[in-house]
Amino acid sequence: MEKRAQCKMRGDSTWPLQLCVSGGFDTHSYPDLCFLSVLAVVVCADPSSNHMEAQQGSPDTSSEECTVLEALPGKGSGLLCSQHKGKVPALYCLPCESAVCEDCILEQHVDHPTDSLTKVVDQQRTALQERLDAAKNRLPQIRGAAQVLRDIQQQLSSQKNSIEEDIHSSFSELHKTLDTRKSVLLMELEVTYGLKQKVLQTQLDTLLKEEAAINSNCSVTGEALDGASEAAVLQTHKDFGERLSELASQGLPLQPEENDQLELMMEVEGLRKSIHNLGAIITTNAVASQTEACGEGLEQSVVGQPTSVIITTRDKAGGLCKTGNAVISAEIFTPDGSITDGEILDHKNGTYEFLYTLHKEGDFSLALRLYDQHIKGSPFRLKATSSPDDSPPTTSGANAASTGSSEGGARRRSAKSPGSRSRQKGVRRGGSLFSTPKKKVNPIEDDLIFRIGTKGRNKGEFTNLQGVAASSDSILIADSNNQCVQIFSNQGEFLSRFGVRGRSPGQLQRPTGVAVHPNGDIIIADYDNKWVSIFTSDGKYKAKLGSGRLMGPKGVSVDQNGHVIVVDNKACMVFIFQPSGKLVTKFGSRGNGDRQFAGPHFAAVNNNNEIIVTDFHNHSVKVFSAEGEFLLKFGSNGEGNGQFNAPTGVAVDVNGNIIVADWGNSRIQVFDGSGSFLSYINTAADPLYGPQGLALTSDGHVVVADSGNHCFKVYRYLQ
């Protein structure tokens with residue numbers, strides 16, 4: 001069997017080599033030579049024989065040639081000089097970029113600067129590791145960008161499906177003569193959708209291809225580094241070092257090159273006169289990463305005087321978008337997290353004007369978003385002063401520093417404080433004056449789907465409702481002062497209720513927490529009875545647990561092992577029981593340390609079986625392992641993003657994001673699994689007042705006990 005390889009020499013010439021192994025090359029006999037597939041050198045199994053022949057004559061022995069090295073049989077990390085039998089290279093020729101022995105530097109490498117082979121190998125190993133790490137660091141960016149594209153594609157498809165329904169609904173009421181126009185509109189929708197999908201898919205394919213390339217090269221390089229072979233490190237550095245650098249530094253389309261806007265404009269008035277031009281698919285090619293804003297209003301404003309900002313939308317190539325109807329939102333945040341008034345005007349030529357008036361002095365933050373993603377430079381820092389003379393000089397560098405925040409994230413709800421209703425003026429969506437109306441519960445666009453309840457003692461009425469739970473098809477409410485649990489469908493229809501006031505087993509005395517066990521049992525934290533009661537799914541009493549141990553159970557949850565998690569508000573502890581009542585473990589004490597609580601309220605369990613507890617008076621959320629070991633905490637006292645004023649209800653979605661009811665601030669905040677703030681749930685249309693328990697329904701909505709308003713509310717939630 002004959003194998004050939006090319007050994008790179010100084011200059012552009014190469015030395016064709018040949019390996020002749022009698023009877024074939026047995027990799028099992030010489031496992032340390034398996035790295036030949038990586039190295040561009042050829043090793044003969046018999047160092048004493050001379051099987052190397054040049055295809056075009058013997059190579060000369062001038063200083064221009066590259067020394068050919070052999071691996072020591074049985075020693076994967078050793079090298080032998082092929083020019084001087086039995087010599088082990090200890091030096092590295094810098095011009096020739098090869099390992100050499102002492103005889104080599106007296107002959108063909110005479111006068112060449114050299115360095116210690118070990119030192120060079122260590123340097124190249126370090127360089128390879130740095131390049132490997134740099135290449136791997138691109139993977140989260142690629143995956144994040146790919147997820148953004150997938151989210152846009154999903155929303156684009158959803159928009160397409162919604163528009164299709166609108167088209168069919170509108171045209172069903174028209175004469176048969178509209179069929180031709182209907183077909184034209186559907187075709188236009190398909191073409192527009194297809195073009196957008198093509199751009200997004202092309203970008204996604206590019207990212208996935210680069211991800212695969214990085215994984216492949218990193219894998220090969222990693223194997224060479226893990227093998228600890230000096231020869232492998234040297235050759236891998238030659239073969240893959242530059243490629244890893246290219247992969248780590250090359251520009252990638254990480255920003256979305258399309259958006260998910262697809263809207264239908266449908267005019268009904270004057271239909272018979274304009275039948276042949278009825279309908280249009282509304283969209284733009286604007287992307288946030290290229291869209292810009294200008295004007296003094298980006299940096300300064302005079303209190304009480306209208307101020308404007310001009311927004312110019314651009315496509316992925318930076319070209320000006322010449323049509324309107326883009327979805328732009330603008331929010332001005334005060335230092336305490338509230339939002340001021342504003343209005344967006346669409347000039348229908350690709351530019352938009354944001355008008356706002358500030359009513360007090362101070363430093364503010366202006367967030368401008370296109371399709372829920374920050375435009376260039378957003379958020380901007382601006383200062384409001386009492387008179388123009390007090391305004392600071394324009395400092396473009398101040399807002400230039402915030403450009404790093406303009407990277408778009410996955411589609412999500414804007415981080416909006418629930419305290420202001422008028423901020424909705426800052427959002428404008430294109431649409432038809434004559435489109436088919438859709439039934440809405442709220443006149444203001446927010447996330448509320450419906451609310452159920454008023455103050456009272458009848459079915460569907462509440463007095464100080466507390467805990468919330470969700471089963472496969474229903475919502476359960478712990479109606480504390482009415483001493484019962486009420487059950488509703490996911491659509492808000494009253495189904496049943498159970499509970500009798502009293503202090504005997506099976507009776508309730510201030511139920512505050514409720515949970516549903518995987519077997520269907522309903523678990524209730526009975527605060528004043530100081531135990532946890534277990535009922536069947538139809539409300540029949542089964543058992544109680546924790547009697548004699550608990551002082552004031554507030555919240556209950558169930559972990560993946562079927563254990564019952566009880567948050568004891570008075571004892572400032574968390575208890576874990578088996579359904580039989582046997583105590584598994586407990587943790588916590590009163591205080592402000594990591595493993596301490598001050599009036600804890602509710603708990604939730606994530607996919608890792610970790611326990612998430614709201615620490616009411618410590619204004620924080622704490623995460624523990626299933627055994628009670630402290631893992632992390634987040635939050636502090638305040639009104640800003642990620643701050644709390646006594647957190648209460650808590651839930652976890654399928655992605656591990658943590659949803660928290662902020663009692664004192666009357667809002668709902670969303671965090672990722674590490675406790676980083678993500679967004680608010682928009683509650684502006686019908687503000688909360690002291691929210692308590694919180695849960696996720698089986699159809700993915702958030703249900704919260706709005707205790708101060710004596711009702712529960714269900715909100716949309718994009719997971």
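Q: Over how many bridges do β34 and strand β35 pair?
A: In this predicted model, local features need pLDDT of at least 70 and side-chain atom pairs count only at pLDDT 80 or more, while totals for chains, interfaces and linings use all residues. Residues are numbered from 1 along each chain as its sequence is written, and side-chain values use heavy atoms, with hydrogens and water left out. Strands here are DSSP runs (E, at least two residues), numbered from the N terminus, and two strands pair if DSSP finds at least two bridges between them. β34 and strand β35 (residues 620-624) are antiparallel, and their bridges number 5.

Q: Which residue of β35 is the bridge partner of I612?
A: β34 and β35 form a hairpin with 4 residues between the strands, where H619 takes a positive phi near 55°. Across this pairing, the bridge partner of I612 in β35 is V623.

Q: Which residue stands opposite D615 in β34?
A: Strand β33 (residues 600-605) pairs with β34 in the antiparallel sense over 4 bridges. The two form a hairpin with 5 residues between them, and N609 in the turn has a positive phi of about 65°. Opposite D615 stands P600.

Q: How many residues of strand β34 (residues 611-615) are buried?
A: Buried means under 20% relative accessible area, with exposed over 50% and partly exposed in between (1.4 Å probe, protein chains only). On one side of β34, I611, V613 and D615 are buried, and on the other I612 and T614 are buried. The count for the strand is 5 of 5.
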